[in-house]
Amino acid sequence: MGPGSIRIYEVSPRDGLQNEACVVPTASKAALIARLVDAGCNDVEVTSFVRSGWIPQLADAAQLVAMLPRREGVRYWGLVPNTVGIERLIQSGLSHAATFMSASETHNLKNLNRTIRESLAGLDEVITCAKAANLGVRSYISTVFGCPYEGPVAPDATLRIAERLLAAGADEIVLGDTVGLGDPRQVERIVEVLTGAGIGLSKLSVHFHDTRGTALANALTAWNCGITTFDGSVAGLGGCPYAPGASGNAATEDLVHLFGAMGVDTGVNLEKLCEAGGYAAEILGRELPGRVHLAWRGAQARASARKVS
Ligand code: MG
């Protein structure tokens, strides 16, 4: 049996919207984030501070941050690629930063145009700078469960990177299943390798993708291993960048439903979260793939059909 309470880390405003074709108006993003916070999401990754023009969907980072509701106990996170990003994040008023790199060389090169060695040197500087400014820092490692170019990735590759990022000062490591290749046995093995090397469970979080329908099985396994932080994207917002049309991020409602049904405290109100997911579908003007989200929409449609007849 895993822990009695877990922490949900909501990624939809950044990881979700970044992978959507359309650019959502800043006010709609702020309204979505307000709904997520109202539902009880205390950690929300709201945007990214990459070079403007790089990701047009997130070019309004500073304006968005200025519009966010300030709530006690709510942490807003921004993704940063370098020290310039950290400076922009601090200027915007955020106090939590997320860094990223890959566990596989080819994915890191194609995605970041750097070798793993170069990324580690760069992130050492980024994290040092973030900690000097008292920011909370989480560090994503992508392709931990498989690389679209190289296939299997050795757990030791992840361990070496995790150790370096933690030594640089990162508060937590996020194990990312970038293309949805992970399976429960692999989750057990990777957590075992990392904790076996002395990394505490509280330093680990998981970011699963449901591309092949394994996100919940992997999340349940991670929970059984003692992991307490789970990344989710409301309604499964954000496709898989490597497989157009396929689902990407684990849907937050699916995670909250699963753990809630087992009596695990998530701190999130599922009904309110479903309403936030409904709002996300509305602003994007398309069907979103989350399973609980779709069940909720079906129930909504039946209820309104009954009202009409
Ligand atoms: Mg993702």
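**Entry 1**

I began with His-207, which is buried at a relative accessible area of 6%. Buried here means under 20% relative accessible area, exposed means over 50%, and partly exposed lies in between, with a 1.4 Å probe and protein chains only. I then looked up His-209, and it is buried too, with a relative accessible area of 6%.

A note on the source: this is a predicted model, where local features need pLDDT of at least 70, side-chain atom pairs count only at pLDDT 80 or more, and totals for chains, interfaces and linings use all residues. Residues are numbered from 1 along each chain as its sequence is written, and side-chain values use heavy atoms, with hydrogens and water left out.

**Entry 2: Phe-208**

Next I looked up Phe-208. It sits in the loop between strand E7 (204–207) and helix H9 (215–224). Helices (H or I, at least four residues) and strands (E, at least two) are DSSP runs, numbered from the N terminus. Is Phe-208 buried or exposed? Phe-208 is buried, at a relative accessible area of 3%.

I listed its contacts, leaving aside neighbours within four places in sequence. Among them are Phe-145, Asp-177, Val-187, Asn-218, Gly-248 and Asn-249. Contact means heavy atoms within 4.5 Å. I also checked a distance: Phe-208 and Ser-28 are 180 residues apart in sequence and 26 Å apart in space, C-alpha to C-alpha.

**Entry 3: the nonpolar core**

How many residues does the largest nonpolar core have? I read 89 residues, and those with the most contacts inside the core are Tyr-76, Leu-165 and Phe-230. A nonpolar core is a set of buried Ala, Val, Leu, Ile, Met, Phe, Trp, Tyr and Cys residues joined through side-chain atoms within 4.5 Å. In soluble globular proteins, nonpolar side chains tend to be buried together.

Beyond its neighbours within four places in sequence, Leu-165 is in contact with Leu-120, Leu-123, Ile-127, Ser-139, Ile-141, Ala-170 and Ile-173.

**Entry 4: Leu-135**

I found Leu-135 in the loop between helix H6 (116–132) and strand E5 (136–142). Leu-135 counts as buried, at 4% relative accessibility. Not counting residues up to four places away in sequence, Leu-135 touches Ile-86, Leu-89, Ile-90, Leu-94, Ser-95, Ala-97, Ala-130 and Asp-171. Leu-135 and Ala-295 are 160 residues apart in sequence, and I read 39 Å between their C-alpha atoms.

**Entry 5: helix H10**

I moved on to helix H10 (residues 252–261) and helix H12 (residues 291–308). They pack at an angle of about 90°, with their axes 6 Å apart. Axes are lines fitted to C-alpha atoms, for helices over the stretch in contact, and angles run from 0 to 180 degrees between N-to-C directions. H10 is therefore roughly perpendicular to H12. That term covers 65 to 115 degrees; under 35 is roughly parallel, over 145 roughly antiparallel, and the rest oblique.

Which residues meet there? Glu-253, Asp-254 and His-257 in H10 meet Arg-291, Val-292 and His-293 in H12.

I stayed in helix H10 for Leu-255. Leu-255 is buried, at a relative accessible area of 1%. Its contacts, not counting residues up to four places away in sequence, include Ile-8, Leu-216, Phe-230 and Ala-250.

**Entry 6: positive phi**

Thr-143 has a positive phi of about 55°. Thr-143 is in the loop between E5 and helix H7 (155–168), and it is buried, at a relative accessible area of 0%. Ala-235 has a positive phi near 60°. Ala-235 is in the loop between strand E8 (229–232) and strand E9 (239–240). Ala-235 is buried, with a relative accessible area of 0%.

**Entry 7: Asn-42**

Last, I looked up Asn-42, in the loop between helix H2 (26–39) and strand E2 (43–48). Asn-42 counts as partly exposed, at 35% relative accessibility. Asn-42 touches Gly-73, Val-74 and Arg-75, leaving out residues up to four places away in sequence.
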